[in-house]
Amino acid sequence: MKKLWMSWSTGKDSAYALLELKKNSNYEVAGLFTTVTADYERVAMHSTREILLQLQADALGLPLEIVRIPANCSNEIYETKMQELIEKAIASDVTAMGFGDLYLEDIRNYRVRLLANSGIEPVFPLWGRSTNVLAQEMFASGIEAVLTCIDPTKLSSSFAGRFFNAQTIKDMPANIDPCGENGEFHTFVFSSPNFSKRIPITVGEKVERGGFVFADVLLAD
């Protein structure tokens, strides 16, 4: 089995990709890695608070590597940070990294390039699958998530804070990808079949920042 670290966004795609990888006897999922904006202590784009990220890792029973980047991070800084992660992975005998990408070729190609000549295999368990089918599979699997970030140029900001379920997808315009792969929305997973326990959450304030609308997800009392 290849020792694998999973790229963990805190959202539904990485959660479902992880479920799929757990079924694959070719890989041993040994850890997670996540990019966190150091200035805000939140996961980039998903806006997940670091405490909730850690609770996900705890619920999965997996060690977590945090790649800290500054706000308005340049590509040069990002790639330097990622190279440091790759070197740490190599030192830890990691030979594969999993990603939850669905069909955007430029993102896939970028990840492949970053790992080129490292000896680490990039793995895309959900690649090329129908997002209509994937969304239904995610619901059926028991994954529960909330929409944390909305691009209001693509989707009404009223969807911020809604749960990712069949009714929410039904209420979206027909041109919206049901998995939000074109950046229409991002999510936070608070329950998954391979979590040891459900993470109790509440949705707090909704704010507009940097052209996006964010719903602040908080740990419930």
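**Entry 1. Strand β7 and its neighbours**

I began with the pairing of β7 and counted 6 bridges joining β7 to β8, with the two strands running antiparallel. I note here that the model is predicted. Within this pair I looked up two positions. I150 has F185 of β8 as its bridge partner, and L147 has T187 of β8.

I then turned to the pairing of β7 with β10. The two are joined by 2 bridges and also run antiparallel. I150 comes up again here, as its bridge partner in β10 is V213.

For β8 I found 7 of its 7 residues buried, and I put it down as mostly covered.

**Entry 2. T148**

Is T148 buried or exposed? Its relative accessible area is 2%, and the cut-off for buried is under 20%, so T148 counts as buried.

I also listed what T148 touches, leaving out residues up to four places away in sequence. The list holds H46, H186, T187, F188, V213, F214, A215 and V217. T187 is a residue I had already noted, as the β8 bridge partner of L147. V213 is likewise the β10 bridge partner of I150.

**Entry 3. The sheet**

I wrote down the strand order of the sheet to which β7 belongs. It is an open sheet of 4 strands in the order β8-β7-β10-β9, with antiparallel pairing. Its edge strands are β8 and β9 (201-209), and each of them pairs on one side only. From one strand to the next the twist averages 30 degrees.

For the β9 and β10 pair I counted 7 bridges in the antiparallel sense. One position I checked there is T202, which stands opposite L218 in β10. I also looked for a helix on this sheet and found α2 packed on it, touching β8 and β10. The direction of α2 makes about 60 degrees with that of β10.

**Entry 4. Helix α2**

I went through α2, residues 50-60, for burial. The buried residues are E50, L52, L53, Q56, A57, A59 and L60. What covers these residues includes the helix α1 (12-22) and the strands β2 (27-37), β3 (42-43), β4 (64-69), β8 (185-191) and β10 (212-219). Just after α2 I found G61 with a positive phi of about 70 degrees.

I then looked at residues that have a positive phi although they are not glycines, and noted T10 and M45.

- T10 has a phi of about 85 degrees. I found it in the loop between β1 (2-7) and α1. Its relative accessible area is 0%, and T10 is buried.
- M45 has a phi of about 65 degrees. Its place is in the loop between β3 and α2. Its relative accessible area is 34%, and M45 is partly exposed.

**Entry 5. Strands β1 and β2**

β1 and β2 pair in the parallel sense, and I counted 6 bridges between them. In this pair K2 stands opposite Y27 in β2. I checked the burial of β2 as well: 10 of its 11 residues are buried, so β2 is largely enclosed by the rest of the structure.

**Entry 6. Helices α3 and α4**

My last item was a pair of helices. Two packed helices are described by the angle between their axes and the distance between the axes, so I looked up both values. Helix α3 (residues 75-91) and helix α4 (residues 105-115) pack at an angle of about 55 degrees, and their axes are 10 Å apart. The two helices are therefore oblique to each other. The crossing of α3 past α4 is right-handed.

Which residues make the contact? On α3 they are N75, Y78, E79, M82 and I86, and on α4 they are Y110, R113, L114 and L115. I sorted the contact by class and got 6 nonpolar, 1 polar and 2 charged residues.

Key
Residues numbered from 1 in each chain as written. Predicted model: local features only at pLDDT ≥ 70, side-chain atom pairs only at ≥ 80, totals over all residues. Heavy atoms only, no water. Buried < 20%, exposed > 50% of the residue type's maximum accessible area, 1.4 Å probe, protein only. Contact = heavy atoms within 4.5 Å. Pairing = 2+ DSSP bridges. Axes fitted to C-alpha atoms, helices over the stretch in contact; angles between N-to-C directions. Parallel < 35°, antiparallel > 145°, perpendicular 65-115°, else oblique. Left-handed = near helix turned anticlockwise from the far one by under 90°. Nonpolar A, V, L, I, M, F, W, Y, C, P; charged D, E, K, R; others polar.
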